[in-house]
Structure formats: structure tokens, C-alpha cells
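Welcome, and thanks for taking a look at this one. Please have the structure open beside you while you read the notes below.

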Amino acid sequence: MDFHRPAYHFRPRANWMNDPNGLIQWKGVYHMYYQYNPAAAKHGKIHWGHATSRDLVHWQHRPVALTPSPEGPDAEGCWSGCAVPQSGRPVFLYTGWANGQQTTCLAKATDDSLDHLLPYASNPVIAQPPITPLEGFRDHTVWREAGASPAWLMAIGSGIPEKHGLALVYRSPDLVNWQYIGPLTDNQTSQRFPLYSGDMWECPSFFELNGKHVLMISIVGEKHAWYTAAYVGSYSPYRFSPVSFEKVDYGDLCFYAPQTFLDEHGRRIMFGWITETRPEKQQLADGWSGVMSLPRRLSVDRDGNLQQEFLAELEQLRHTGVHLERWELTPQNPLRLDEHAGNQLEIRIELEASGAGQATLACLRTPDGQEETRLVVDWENRQLILDRSSSSLDGDVDHSERRGPLPEPLQGAIQLHIYLDHSVIECIANQRTTLTGRMYPTRADSCGLVLSAPQGRTMLRSLDIWKVG
Ligand code: DQQ
């Protein structure tokens, strides 16, 4: 029994998936395309897999939507791209991969099911990068510019080798003929912010939200961890001026290449690729690799901070639940939750903010504590930590820690919203700091749950646990 396989997160029935692509709500139906290798549980000749949903929670598998064209500019893979909603039917822009070249290709849906995306006969629509040397020329985000001469604008992910990432802006009247404009950000942008901003930016997603503009990018760096970041700032054609920069998810590569879209309710929704942190050999043996994150709604607060919350539709997944209030956690007084244990859980915890000590949620725990994954709120160092050092007795899986800043308390508290799905954990703290991670326990009884304060004391204001799925 493969008890690492997530149950309610989306993934293809078998084999490899990576980035979400072409996200769109069309005539009421949500469409999710994704990078998919139908041949094996590893990256290879990439197609676009496809799934549809009415609620962003329950997904129906559809046939493969986009296939590499023999002899075409996408002969070796249909890499990432986006959907462009427009009158008539949506159009899709994606990255063609062949002979070491990355080009921009276009595809059109053949009917309203959006099941089959037909590559444009004259692909590629952009055959080569506008300047050299560049590191990468792939992945697209498109927006509509209004005004006296309305046009389509597109940014493509790229970078200046060994210098910094870049998004290249193009303009088009018809989505077919593209004119290069220039970089979306100035040369200093990458250096102005404290976090490493990479050799190349993959999967840009650029959009307006709550009166600000957001550029989300996935950062590739040879010698550095890969992660996704968001710049928040202002835009006037065709320049984006960021004022802040932050990680989108402190799980780093565990949550990668996210894409966002606007749904018919005006919500900006994001899905990301949850990568594996077990060896490729195990992925191939298990026959599957990669998971889609749960949908998260994005917003920007008054101070220009990006906020995230799990979509309310996910509440449909709840079965039985338990609600507890006020429990003083101390080293002598942990809260054992064994009767509510499991590996498919939604957990909401509200902790009174404290200046000292730590509070810990241990999940996927064996009764003897040999295996457990710890989510630690470190009050003193103001950190939220995913401690995987004991998460598995298997020495081959990744045990490294992930950590992010503990957000500012809200009404004196830190609220953790957690989804646990076998080997996946997603946590959002006060709608600000998010942490996604993978754990691969070896024992079938790794499903216990304990809330404790190994150091100091923490007041638990409230706790809700639901079995989900
Ligand atoms: N995955 C795609 C690329 C993209 C990368 C290839 C990000 O288009 O840059 O599968 O994970």
C-alpha cells in the first residue's frame, strides 16, 4: 500500500506532472492544464495534461490536451504557458522545446470543451529571443492593455547569464504577431532586494490585485535553492516598479512554478506544483511524481503585502470534526489528539502570541515518537519551522528543515491553517507566511497528532480538526 499518495490533492492517475498551465474558468468550468509526461514518473517529453472542475476541489481527468508535434518547434516538449481569455474561444501560448531552442507557440481549442488544443499551423509565433546572450526564453503571462490603442501584452521568463532574472515584454494586436518592447523591470530590480533573485526567472505571472501590481516568478539558480517569489509594486506601460519582494512559500522548491488566474467571481486564484523530495528511484518504482497544491486565493493588503488563504470551497472536504478551546500548553501539559489522528486532516489552530518558548504540532507521529513531522512556532526567534528531521526512518528522503518568518500577530494571535494529505503538508499562518512540505514516513501507524509546548508556555485559544477527503 502506497500511503504517501495524496488523496484529495489533484494529480494525474500515474506518471509525472509538474507546473500548472493554462488555468482558466471558461463558461463556468474550471480548466487546469499541467506539464505531464505520460510515459514515466520523471520529466521527459512533456505534454499538457488536462482536468476540469466545477468547484476547484473535485477534478475530472480529461484526455491529454496538447501533444508535441513531430517535426514541430515543440517536437521535444510542450513546456509551460498560459491561457488567454478572449471573445470567441480562449487561446493558449506555450513554450515549444526542440533542438535546444525555446520558442513561443500558440494553440487554439477546437471546441468549448477545451479538451483539444490545436497548435497553430505557423508556429512558432516568436522564433528566437530578442537579445543575446540570454538564459532561457520560456513561460508566458499575458494581460490586456486598454487605452487609445488596446493591445495584448505578454511577459516571457528569461535571464542575463550569471547576473539576474528577467521578464521580457512583448506587444501584439492579435496574439500572433508580437513586437518586442523591453524588460518588464529595470536592471537594478534584482539587486535591490535582499533575497537572491536567480540566474533566470521561470513561469512569470503578472497581474493587478487590489490596486497594486504583482509579478510572481520562480527563481532558478544553479548554486542556490530554487523558490518562488513575488514582487509587489506599480505599473505603467511597459514598466513594473516593485517596492517589495518576498517568498511566496517558504517550502522553497516544494511549492514551485505557481500560476494564477482570475475566476468569474473576480478572485485571483493560484495553484503551484508540489515537488517530490524522495529519490527518483522511488518515484519511478511508485509510478507517480508531483502533486498540485490546493487552490489559494491571493490578495494584497493595505501595506502592500501579498496574502494567501485556502479557498472556502475546500470546506466541502470536511467530514467529522472536533473543536476545543483554551488549553495552556506547557512542557508538562501537552495536548494528545490521538483519537483525532489521521493522514487526511484539516487543522486550524489559534495560538496566543508569546515572546518566549515554542509551540509544536507533531503530526504523522508513531505512538513511540520514532517518526513525526513537527511544525514549530518559535516565538523567541519569530520563525515558523517545518522540522522533518524525524519525519521518516528512510534515510534516502530529504530531512532538511524549512523555515519562514512568523507573521505579525492578528488580534494577539497566530492562526495556522493546515492541510495534511499523506506525504503533503500545506500551512498558511495569518494569511502571510506559507510553508509547503513533503514527508515520507515508513510506518503505517505514523498518523498521530500532539500539540505541545516543549519550551515555555503557550495558550491555545482554539483548535479545530476535521477528517477530510
Ligand atoms: N517547467 C517547464 C518549463 C518551466 C519549468 C518545463 C518550471 O517551461 O520553466 O517542464 O518548472
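**Briefing on the predicted model**

H422 is placed in the loop that runs between β30 (413-421) and β31 (424-429). Although H422 is not a glycine, its phi is positive, at about 55 degrees. Please keep in mind that this is a predicted model. The points below start with backbone geometry, then turn to the ligand and the salt bridges.

**Backbone geometry**

- As background, most residues other than glycine have a negative phi, and most peptide bonds are trans.
- H422 counts as buried because its relative accessibility is 9%, and buried means under 20%.
- L56, another residue that is not glycine, has a positive phi, near 70 degrees.
- You will find L56 in the loop between β3 (47-53) and β4 (60-66).
- With a relative accessible area of 1%, L56 falls under the 20% limit and is therefore buried.
- The peptide bond from N123 to P124 is cis, and its omega is near 0 degrees.
- P124 belongs to the loop between β8 (117-119) and β9.
- A cis peptide bond also leads from T132 to P133, here with omega near -10 degrees.
- P133, too, is found in the loop between β8 and β9.

**The ligand and its surroundings**

- Where does the ligand sit? Its place is the second largest pocket.
- The ligand is surrounded by 13 residues, and the closest are D19, Q35, H43, R138 and D139.
- Five strands each supply at least two residues of the shell around the ligand: β1 (15-26), β5 (78-84), β9 (137-145), β13 (200-209) and β17 (255-262).
- R138 places a polar side-chain atom 2.7 Å from an oxygen atom of the ligand.
- From the side chain of N18, an N or O atom is 3.0 Å from a ligand oxygen atom.
- S80 contributes through its backbone, where an N or O atom lies 3.1 Å from an oxygen atom of the ligand.
- How much of the ligand's accessible area does the protein cover? On its own the ligand has 310 Å² of accessible area, and the protein covers 94% of that.

**Salt bridges**

- How many salt bridges does the structure hold? The count is 28.
- K247 and D252 pair through their side chains in a salt bridge, with 2.8 Å from N to O.
- Both K247 and D252 are buried.
- R374 and D387 form another salt bridge, in which the closest N and O atoms are 3.0 Å apart.
- This pair links distant parts of the chain, with R374 in strand β27 (residues 373-378) and D387 in strand β28 (residues 383-387), 13 residues apart.
- R374 is buried, and D387 is buried as well.
- R402 and D398 also form a salt bridge, their closest N and O atoms being 3.8 Å apart.

Notes:
Residues numbered from 1 in each chain as written. Predicted model: local features only at pLDDT ≥ 70, side-chain atom pairs only at ≥ 80, totals over all residues. Heavy atoms only, no water. Salt bridge = Lys/Arg side-chain N within 4 Å of Asp/Glu carboxyl O. Buried < 20%, exposed > 50% of the residue type's maximum accessible area, 1.4 Å probe, protein only. Helix = DSSP H or I, 4+ residues; strand = E, 2+ residues; numbered from the N terminus. Near = heavy atom within 4 Å. Polar contact = N/O pair within 3.5 Å; in protein donor to acceptor, adjacent residues only side chain to side chain. Areas by Shrake-Rupley, 256 points an atom, 1.4 Å probe, with all protein chains shown as cover. 1 Å grid on protein atoms, 1.4 Å probe; cavity = no way out; pocket = protein on both sides within 12 Å on 5 of 7 lines; lining within 4 Å. Sits in = over half its atoms within 2 Å of the grid points.
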